[in-house]
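User: I would like to learn how to read a model like this one. Could we go through it feature by feature?

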Amino acid sequence: MDMLNSTQHFLIIAWWLAFGISVLLYIALDGADLGAGIFSLFVRDHDERGAIMSAMAGTWDANETWLIVAGGIMFGTFPFVYGSAFSYLMVPMALVLWGIMSRAVALEFRHLASPFWQKFSDGIFGVASLAVTFFGGMSVGALLQGFQMDSPAQGVPTYVGGAFNFISAFSIWTGVASCVAMTLAGVLFVRARFEKNEPIRQDAARWTAVIFWLAIAAVVITWVWSAVIFDWARAKWFGPHFWIWGLFGLIALVCIDQVRRDTLKDKDFAAVMWFNGAAFILGFGMLLTMFPWIVPGTWTIWAGASPQVSLITFTMTMGGFVPVMLMYNWYQIWVFRGRISKLVGHGGH
């Protein structure tokens, strides 16, 4: 029995880590695409907007697969959390889903449309990218605040709040902060994907000089606000092991400083990697801060996990999927690593 319990605990922690890493990979990979979509709202040249879509045409679908992986892990490993959290976040998640579908349609069918519908697709692509980023960020902020559950004598607790309980000052702020951070990821992506003499890359470089500092301010404000309103975060960040979280912050600062240095030297790919490193360190630090909560104040990973038999079956069925996805993503990034010009605008295909 002790061995079975140990196996259960090991699998729960392993899939919790896999879930967190899948979310962070989605943010790192598709976040650049979303940010480039937001940036495209401010690009006036028709061919340049099309070229932004072409720059991600070979990788966007694989990048978004990590969101599906995260949802599958949540459904298969933490079904109680999945059911209640999606009831709580039904409105923002519906808007995120609309944005994901609209981006896909705009990106894949832009080149088949008339000039008018190409322009319309450009607008939809940018607005949908903004919607996914903002409402996705709101959802994260809302989950960090937790939600109301009933307490049945028998059965599984369910969400009992209203459809708009996810809205708060903090969740709105996390939506705004997500837009700022993803826009930085987007302009770094544009810089890395376009030829250095392209006007759109030069515009992205000018944006970087401003949005970089806005992103830092957004991170600091979010961290301070979280420390003020979340007891579980404050207890770890300023508790006996404060030095651990200080190391996370120090490593993130080193990565952020390298982003600044490499953008000034036009080392665009290196800047993208350092940015993703900073995002991963900060995100993983928050994941560890939340432990053992998966939804702070509402669900722990132990309470929300599947029964043992279901968890073992899920592991045997899906355990090999994550490394396959990692290899697939890396292969796509390697194949589509070259720089492009606006002449490859999607409207010309």
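User: Where is Asp 266 found?

Analyst: Helices (H or I, at least four residues) and strands (E, at least two) are DSSP runs, numbered from the N terminus. Asp 266 is in the loop between helix H10 (242-264) and H11. The model is predicted, so local features need pLDDT of at least 70 and side-chain atom pairs count only at pLDDT 80 or more, while totals for chains, interfaces and linings use all residues. Residues are numbered from 1 along each chain as its sequence is written, and side-chain values use heavy atoms, with hydrogens and water left out.

User: What is the phi of Asp 266?

Analyst: Phi of Asp 266 is near 60°, which is positive although the residue is not glycine. Residues are sorted by relative accessible area: buried is under 20%, exposed is over 50%, and partly exposed is in between (1.4 Å probe, protein chains only). At 32%, Asp 266 is partly exposed.

User: Which residues does a cis peptide bond join?

Analyst: Phe 291 and Pro 292, with omega at about 10°. Pro 292 sits in the loop that links helix H11 (268-290) to strand E1 (293-295).

User: Is Thr 289 buried or exposed?

Analyst: Thr 289, a residue of H11, is buried, with a relative accessible area of 1%. Contact means heavy atoms within 4.5 Å. Not counting residues up to four places away in sequence, Thr 289 touches Trp 232, Ala 233, Lys 236, Trp 237 and Trp 245. Between Thr 289 and Lys 236 there are 53 residues in sequence but 6.6 Å in space, C-alpha to C-alpha.

User: What is Gly 31 in contact with?

Analyst: Leaving aside neighbours within four places in sequence, Gly 31 is in contact with Tyr 26, Met 182 and Ala 185. Gly 31 lies in helix H1 and is buried, at 1% relative accessible area. Its C-alpha atom is 9.8 Å from that of Val 132, 101 residues apart along the chain.

User: What is the volume of the second largest pocket?

Analyst: Rolling a probe the size of a water molecule over the atoms shows where empty space is left. On a 1 Å grid over the protein atoms alone, a cavity is a set of points where a 1.4 Å probe fits but cannot get out; a pocket is an open set with protein on both sides within 12 Å along at least five of seven lines, and lining residues have an atom within 4 Å of a point. Grid points are joined across faces, edges and corners, and a volume is the space filled by probe spheres set on the points. For the second largest pocket the volume is about 770 Å³. It is lined by 31 residues, and the closest to its centre are Leu 29, Phe 269, Met 273, Asn 276 and Ile 333. H11 gives the largest share of this lining, eight residues.

User: Which are the buried residues of helix H4?

Analyst: In H4 (residues 79-88), they are Val 81, Ser 84, Ala 85 and Tyr 88. An arc is taken over the directions from the helix axis to the C-beta atoms. Here the arc is only 100°, so these residues are on the same side of H4. Their cover includes H3, helix H5 (90-109), helix H6 (115-145), E1, strand E2 (299-300) and helix H12 (301-304).
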